Amino acid sequence: GGLSDTGPVVREEPELTLKDKRIDAMSMLLRQVDNRFTSDTSRRAQEELAEPIYDTIHYYDRWLPGVRTNLVNLGYLTDEEIDAKVAEVKARYKELG
């Protein structure tokens, strides 16, 4: 069993970016608001990502689809509401240059 030729295990903790810290904080806050937001539900949503995506995106970037999936599945937001807000933010960012 197991994978071969995966290289050595890197045991040092990487430097967290501001975005990483914000994603982590958002996840912790959601867990305090609703105990249905768990690491298990987040992990399950991350594992549902297509393998090429999962294997190529940064660790904390995998958390975002989990947050989105859980917000929708638990009835806090709809996909349409999230998509509309993302479009609004992108338009605002584009205006700023």
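I sorted the lining of the largest pocket by residue class and got 7 nonpolar residues, no polar ones and 2 charged ones. The model I am reading is a predicted one.

Next I listed the lining by name. Leu64, Pro65, Val67, Arg68, Leu71, Leu77, Ile82, Lys85 and Val86 line this pocket. I also looked up the space in the largest pocket, which comes to about 410 Å³.

Which helices each supply at least two residues of this lining? I found helix 4, spanning 59-73, and helix 5, spanning 79-96. Helix 4 gives the largest share, with 5 residues.

I then turned to helix 1. It runs over residues 18-33, 16 residues in all. From first C-alpha to last I read 23 Å, close to the 22 Å expected at 1.5 Å a residue.

Which residues of helix 1 are buried? I noted Asp20, Ile23, Ser27 and Leu30. I recalled that an α-helix has 3.6 residues a turn, so residues three or four places apart point the same way. Down the axis of helix 1, the buried residues fall within an arc of 95°, so they line one face of the helix.

For the other side of helix 1, I wrote down Leu18, Arg22, Leu29, Gln32 and Val33 as exposed.

Last, I checked what covers the buried residues of helix 1, and helix 4 is included in that cover.

Technical notes. Residues are numbered from 1 along each chain as its sequence is written. This is a predicted model: local features need pLDDT of at least 70, side-chain atom pairs count only at pLDDT 80 or more; totals for chains, interfaces and linings use all residues. Side-chain values use heavy atoms; hydrogens and water are left out. On a 1 Å grid over the protein atoms alone, a cavity is a set of points where a 1.4 Å probe fits but cannot get out, and a pocket is an open set with protein on both sides within 12 Å along at least five of seven lines; lining residues have an atom within 4 Å of a point. Grid points are joined across faces, edges and corners, and a volume is the space filled by probe spheres set on the points. Helices (H or I, at least four residues) and strands (E, at least two) are DSSP runs, numbered from the N terminus. Ala, Val, Leu, Ile, Met, Phe, Trp, Tyr, Cys and Pro count as nonpolar, Asp, Glu, Lys and Arg as charged, and the others, Gly among them, as polar. The expected span of a helix is 1.5 Å times one less than its number of residues. Buried means under 20% relative accessible area, exposed over 50%, partly exposed in between (1.4 Å probe, protein chains only). The arc is that of the directions from the helix axis to the C-beta atoms. Contact means heavy atoms within 4.5 Å.
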